[in-house]
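This report looks at helix packing, annotated spans and the exposure of selected residues. Please read it with the structure open.

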Amino acid sequence: MTGHALRDVVALSKRSLRHVLRSPDTIVTTAIMPVAMLLLFVYVFGGAIHAGHGKYVDYLLPGILLITVASGVGYAAFRLFSDVDGGIFERFTAMPITRSALLWAHVLTSVVANFVSLVFVVLIALAMGFRSGAGLSGWLAVVGLVLLFTLALTWLAMIPGLTAKTVDGVSGISYPLIFLPFVSSAFVPTGGMPAPVRRFAEHQPVTSIVDTIRGVFAQQPVGHHAWVAVAWCAGLLLVAYVLAMRTFRRKLS
Amino acid sequence: MTTTPAIEITGLTKSFGDNAVLRGVELAVPAGAVFALLGSNGAGKTTLVRILSTLSKADSGHAAVAGFDLATQTAKVRQSISLTGQFAAVDEILTGRENLQLIAELRHLDRRREIADDLLGRFGLTDAADKRAGVYSGGMRRRLDIAMSLIGDPPVLFLDEPTTGLDLQSRNEVWATIRDLAGQGRTVLLTTQYLEEAEQLADRIAILHQGTIIASGTLPELKGLLPPKKIEYVEKQPTLEEVFLAIVGGSGERRDGRPSTAVSR
């Protein structure tokens with residue numbers, strides 16, 4: 001039975017990856033907004049921001065990576081919505097397949113598509129002077145954490161993908177997720193924020209994730225930030241997964 | 001061929017909130033028949049098909065498809081059916097061939113390329129095989145849709161309003177396709193709101209009205225329910241359909257690419 005489940009996930013992932021390959025613009029547009037922010041903040045606002053000793057692009061990149069994922073999962077929600085809206089979702093669910101494979105295929109596709117977008121953003125950052133002395137293990141840790149974050153946000157995006165009534169509704173998922181990094185340590189240190197804002201910024205997931213990635217890139221000890229970041233991502237992933245699966249089952253009853 | 005009905009429904013009910021859509025449906029569809037479920041919009045046709053194809057659960061009552069109980073043998077039911085929903089459920093970004101191969105893969109079949117090529121040929125889609133389904137005409141899309149339903153040879157096919165929204169020529173193409181499906185031991189349950197469609201295609205017809213089956217039988221049986229016929233002389237005028245088809249040249253493209261001769265019917 002699990003062999004079948006795997007075959008179904010593979011078959012459906014191939015399909016949905018083909019969708020991405022045939023509209024490569026989605027990978028580019030996923031990256032365009034984060035890249036535009038990178039340029040804007042480094043070359044326009046960056047001069048006025050005091051964020052420690054290093055280059056501002058080094059400070060900024062981790063937050064930009066999270067924004068890339070936040071905008072990328074909007075497409076995952078959109079692809080699922082299109083399946084539901086177009087009727088092919090019903091065709092698949094009336095077939096003798098493992099039903100959850102329908103969601104897993106979109107989740108895996110989202111991970112792959114986001115990864116490509118992230119590589120694109122990192123290359124731009126490198127061209128803008130971003131440098132890190134982090135070794136292989138450091139980069140693997142960053143990839144692992146961003147992957148966990150991507151999985152959590154993708155499962156969250158499956159919910160509007162299943163329930164949205166219109167295309168506009170489904171792409172709405174990205175906006176609050178893109179906004180969250182602004183009220184964190186992603187763009188400016190939290191120290192200069194008024195107390196209530198600061199309290200929020202320091203206790204929301206983005207800050208711990210950004211601080212961890214920044215620390216790894218700068219080869220500095222990340223301390224408890226790393227565990228808080230992993231706990232946030234894992235917790236969010238668990239909650240999003242449970243809610244998405246419940247929405248999925250409810251849709252099919 | 002088995003003697004048990006392909007579909008057997010007793011006392012099926014389904015409500016959405018206060019709205020009782022199905023109020024005790026009783027129906028038996030013999031195996032190997034093309035069975036038309038006739039009803040106006042909102043009669044509950046789609047709800048019934050969704051229940052029979054395991055997409056939705058009934059509130060009460062029993063139903064069996066291909067001899068398997070819907071409630072307890074769901075996996076076996078899914079093995080035995082295929083659903084062609086109200087809107088052609090093809091993947092518009094994939095090509096016709098890829099659509100067919102995908103379904104074959106999901107049914108865990110080997111020799112997927114041969115399966116796809118065979119169906120593309122049978123459904124007159126060979127020339128369009130490597131074009132994206134998104135550029136297909138309505139009729140081609142429906143044909144691809146039905147071809148996808150045949151993969152894995154499920155004994156029971158559900159066609160939910162197969163010609164709604166199609167132009168006349170596409171409709172004729174789809175009718176020809178459905179006629180070809182019959183007589184291979186396969187059971188086809190099609191829903192329609194067009195009386196002519198039921199008359200043209202079905203061996204047996206049931207009328208679903210306000211959530212219950214109010215009549216069921218062969219066309220002559222249903223006609224027998226009416227008062228005895230009287231003979232009148234009416235001058236035969238060509239219908240607009242005949243005029244249209246005569247002018248545009250046949251019922252659209254046939255499988256072999258030659259114009260068909262629907263005009264001479």
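A residue counts as exposed when its relative accessible area is over 50%, as buried when that area is under 20%, and as partly exposed in between. A:Ala48 has a relative accessible area of 64%, so this residue is exposed. The structure discussed here is a predicted model, and the values below are computed from it.

A:Ala48 sits in the loop that joins α2 (25–45) to α3 in chain A. Between A:Ala48 and A:Ile32 there are 24 Å from C-alpha to C-alpha, at a separation of 16 residues along the chain.

In chain B, B:Ile247 belongs to helix α9, which covers residues 240–248. With a relative accessible area of 68%, B:Ile247 is likewise classed as exposed. B:Ile247 lies 45 residues from B:Ala202 in sequence, and their C-alpha atoms are 29 Å apart in space.

**Annotated spans of chain A**

An unreviewed UniProt entry lists a "domain: ABC transmembrane type-2" at residues 25–251 of chain A. In the model, the end C-alpha atoms of residues 25–251 are 31 Å apart, and this span is 76% helix and 0% strand.

UniProt, again in an unreviewed entry, gives "transmembrane region" for several spans of chain A, among them residues 27–53, 59–81 and 136–157. Residues 136–157 are 100% helix and 0% strand, and their end C-alpha atoms lie 31 Å apart.

**Helix pairs**

| Helix pair | Angle between axes | Axis separation |
|---|---|---|
| α3(A) (residues 56–86) and α5(A) (residues 101–127) | about 150° | 9 Å |
| α6(A) (residues 136–163) and α11(A) (residues 224–251) | about 25° | 8 Å |
| α6(B) (residues 168–181) and α9(B) | roughly 95° | within 11 Å |

Helices α3(A) and α5(A) pack at about 150°. Angles over 145 degrees count as roughly antiparallel, and α3(A) is therefore roughly antiparallel to α5(A). Their crossing is right-handed. By residue class, this contact of α3(A) with α5(A) comprises 14 nonpolar, seven polar and two charged residues. On the α3(A) side, the residues in contact include A:Leu61, A:Leu65, A:Val69, A:Gly72, A:Arg79 and A:Asp83. On the α5(A) side they include A:Leu103, A:His106, A:Asn114, A:Leu118 and A:Val122.

Helices α6(A) and α11(A) meet at an angle of about 25°, which makes α6(A) roughly parallel to α11(A). The crossing of this pair is left-handed. The contact of α6(A) with α11(A) is made up of 23 nonpolar residues, two polar residues and one charged residue.

How are α6(B) and α9(B) oriented to each other? Their axes cross at roughly 95°, and α6(B) is thus roughly perpendicular to α9(B). From α6(B), the residues B:Leu168, B:Gln169, B:Arg171 and B:Asn172 take part in the contact, meeting B:Glu241, B:Phe244, B:Leu245 and B:Val248 of α9(B). Sorted by class, the contact of α6(B) with α9(B) has four nonpolar, two polar and two charged residues.

Note on methods:
Residues are numbered from 1 along each chain as its sequence is written. Chains are lettered from A and ligands numbered from 1 in the order in which they are written. This is a predicted model: local features need pLDDT of at least 70, side-chain atom pairs count only at pLDDT 80 or more; totals for chains, interfaces and linings use all residues. Side-chain values use heavy atoms; hydrogens and water are left out. Axes are lines fitted to C-alpha atoms, for helices over the stretch in contact, and angles run from 0 to 180 degrees between N-to-C directions. Helices (H or I, at least four residues) and strands (E, at least two) are DSSP runs, numbered from the N terminus. Angles under 35 degrees count as roughly parallel, over 145 as roughly antiparallel, 65 to 115 as roughly perpendicular and the rest as oblique. A crossing is left-handed if the near helix is turned anticlockwise from the far one by less than a right angle, and right-handed if clockwise. Contact means heavy atoms within 4.5 Å. Ala, Val, Leu, Ile, Met, Phe, Trp, Tyr, Cys and Pro count as nonpolar, Asp, Glu, Lys and Arg as charged, and the others, Gly among them, as polar. UniProt positions are given in the numbering used here, feature names are shortened, and annotations may be inferred rather than shown by experiment. Buried means under 20% relative accessible area, exposed over 50%, partly exposed in between (1.4 Å probe, protein chains only).
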